[in-house]
Amino acid sequence: MFDSVDPRQSFPNLELGMLKYWQEEDIFKRSMKRREKGEVFSFYDGPPFATGLPHYGHILAGTIKDVIPRYQTMRGKHVRRRFGWDCHGLPVENEIEKEHGLKSKKDIEALGVAKFNDLCRNAVQRYTKEWKNTVERMGRWVDMDHDYRTMDPDYMESIWWVFKQLHTQGLIYEGHKPMHVCPRCQTPLSNFEVTQGYKDIQDYSVTAMFELEEGKETKEGKEKKEKKNVEKTFAIAWTTTGWTLPGNLFLAVHPETTYVTVKSEDNRFILAKDLVEKVFAKRAFTIEKEQTGKELVGLTYKPLFPYYAEQFKDKAFRIVAGDFVTTTDGTGIVHIATGYGDDDFQVGQREKTGILQHVDIDGMFKKEVTDFAGKHAKPKDDHQSGDKLIAKWLKTHDKLFASESFSHSYPHCWRCD
């Protein structure tokens with residue numbers, strides 16, 4: 001009844017034979033035709049970039065994507081399957097930048113944005129033939145003859161239509177969100193992109209001294225003994241991003257943590273009790289008093305840097321509560337720069353100071369930061385240099401408690417490193 005089976009089969013030859021049969025009999029299009037009056041099942045497939053050849057990740061995802069439309073088609077539904085190409089964004093731009101030796105946004109502007117866009121458009125479908133061969137060889141049923149491109153006006157118009165519907169319904173609002181930024185590409189990176197680029201590097205940490213305004217601590221000392229030179233009291237905060245210190249607006253403490261006032265070298269220092277031994281390992285000290293973080297909230301301090309002192313004098317430069325503060329490392333006191341980091345941003349929103357960004361999207365200190373204006377906060381060729389500049393300034397102005405080199409995991413842009 002059946003033809004005899006040869007046990008010595010070549011599976012690739014069997015697959016190629018099946019593909020040839022599908023092509024000769026136009027099986028895919030016929031299956032679509034048979035279901036065109038059936039219930040529509042919409043399947044939205046995130047299109048790939050065509051600037052590179054397909055790899056294992058595309059093949060695996062494409063196979064999974066193929067299963068769903070086949071299953072729904074077998075249930076009698078009509079499932080349109082048009083292959084698409086993602087033409088926007090950094091993958092295309094980064095490819096052109098490499099090919100034409102463009103190192104920065106300024107280079108692109110010098111070349112001309114229109115010309116740069118034309119180069120990107122021409123590169124978008126560079127590998128479409130190779131993609132078509134691979135997708136068909138996988139046995140995936142998808143229409144690649146009537147593909148779409150995200151750069152086509154009708155596609156872009158459909159996206160703007162969707163956006164308008166959301167806006168009309170009051171679902172769009174303007175706001176801010178902390179995101180990682182690549183200063184070389186001058187663009188934000190999604191959380192997914194950031195996770196692809198973590199690397200262990202040798203970095204530079206800074207512990208800064210924030211002098212308290214004459215308040216609880218210094219008044220007590222003054223009442224005990226009238227002196228011309230009253231001992232200063234500092235809250236000390238450790239940070240692995242020294243370059244953010246010129247943008248400091250607050251210090252955060254955990255309200256339930258126990259803090260101590262330590263006397264050392266003719267000054268007083270406030271930090272978490274659990275971290276005293278570690279922080280003062282190489283210094284003589286005596287503990288004078290204990291207090292909770294809640295008791296410290298509200299104390300004010302002198303601005304660490306002068307650049308934004310006048311602008312924020314009535315809103316900032318005080319100790320606030322923060323449930324995110326830990327005593328795992330550092331001093332148990334966190335320096336807050338509202339333009340950098342999610343916790344910092346939320347504090348700025350809560351305290352109604354808004355966002356202070358003293359570094360531009362290109363990684364350069366802004367002109368208001370006069371001592372460092374035009375210098376790169378985290379240059380690729382010497383990533384510690386910005387932090388060391390800050391530490392040097394603090395030391396010159398008697399505001400540096402400690403600084404040291406240390407190893408930690410730091411995010412890098414996965415496109416340009």
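Is arginine 268 buried or exposed? Arginine 268 is buried, as its relative accessible area is 16% (buried is under 20%, exposed is over 50%, and partly exposed is in between, with a 1.4 Å probe and protein chains only). Keep in mind that this is a predicted model, where local features need pLDDT of at least 70 and side-chain atom pairs count only at pLDDT 80 or more, while totals for chains, interfaces and linings use all residues. Residues are numbered from 1 along each chain as its sequence is written, and side-chain values use heavy atoms, with hydrogens and water left out.

**Strand β9 and its neighbours**

- Strand β9 covers residues 267–272, and five of its six residues are buried, so the strand is largely enclosed by the rest of the structure (strands are DSSP runs of E, at least two residues, and helices are runs of H or I, at least four, numbered from the N terminus).
- On the parallel side of things, β9 pairs with strand β6 (residues 233–239) over three bridges (pairing takes at least two DSSP bridges between the strands).
- Within that story, isoleucine 270 in β9 is the bridge partner of alanine 235.
- Strand β8 (residues 258–264) also pairs with β9, this time in the antiparallel sense and over six bridges.
- Here leucine 271 in β9 is the bridge partner of valine 260.
- The hairpin of β8 and β9 has two residues between the strands, and glutamate 265 there takes a positive phi near 55 degrees.

**Salt bridges**

- There are 24 salt bridges in the structure (each is a side-chain nitrogen of Lys or Arg within 4 Å of a carboxyl oxygen of Asp or Glu).
- Back to arginine 268: its side chain meets that of glutamate 288 in a salt bridge, at 2.5 Å from N to O.
- Arginine 268 sits in β9 and glutamate 288 in strand β10 (residues 286–292), so this pair ties together parts 20 residues apart in sequence.
- Glutamate 288 counts as partly exposed, because its relative accessibility is 38%.
- Arginine 140 forms a salt bridge with aspartate 45, with the closest N and O atoms 2.7 Å apart.
- That pair links distant parts of the chain, 95 residues apart: arginine 140 is in the loop between α7 (128–137) and β2 (143–149), and aspartate 45 is in the loop between α2 (27–34) and α3 (56–74).
- Arginine 140 counts as buried at 13% relative accessibility, and aspartate 45 is buried too, at 16%.
- Asp45 and Arg140 are also linked with Lys65 in a network of salt bridges.

**Nonpolar cores**

- The largest nonpolar core has 60 residues, and those with the most contacts inside it are Leu245, Phe280, Phe305 and Leu394 (a core is a set of buried Ala, Val, Leu, Ile, Met, Phe, Trp, Tyr and Cys residues joined through side-chain atoms within 4.5 Å).
- Strand β5 (residues 198–211) gives the most to this core, with six residues.
- A second, separate core has 16 residues, including Phe83, Val92, Trp131 and Val142.

**A patch on the surface**

- Met156, Trp160, Trp161, Val162, Phe163, Leu166, Leu171 and Ile172 make a nonpolar surface patch of about 790 Å² (patch residues have over 30% relative accessible area and no salt bridge, with like charges joined within 9 Å and nonpolar side chains, meaning Val, Leu, Ile, Met, Phe, Trp and Tyr, within 5 Å; areas come from the Shrake-Rupley method with a 1.4 Å probe, and for residues only the protein chains shown count as cover).
- Tryptophan 160 is in helix α8 (residues 153–168), and tryptophan 160 counts as exposed at 60% relative accessibility.
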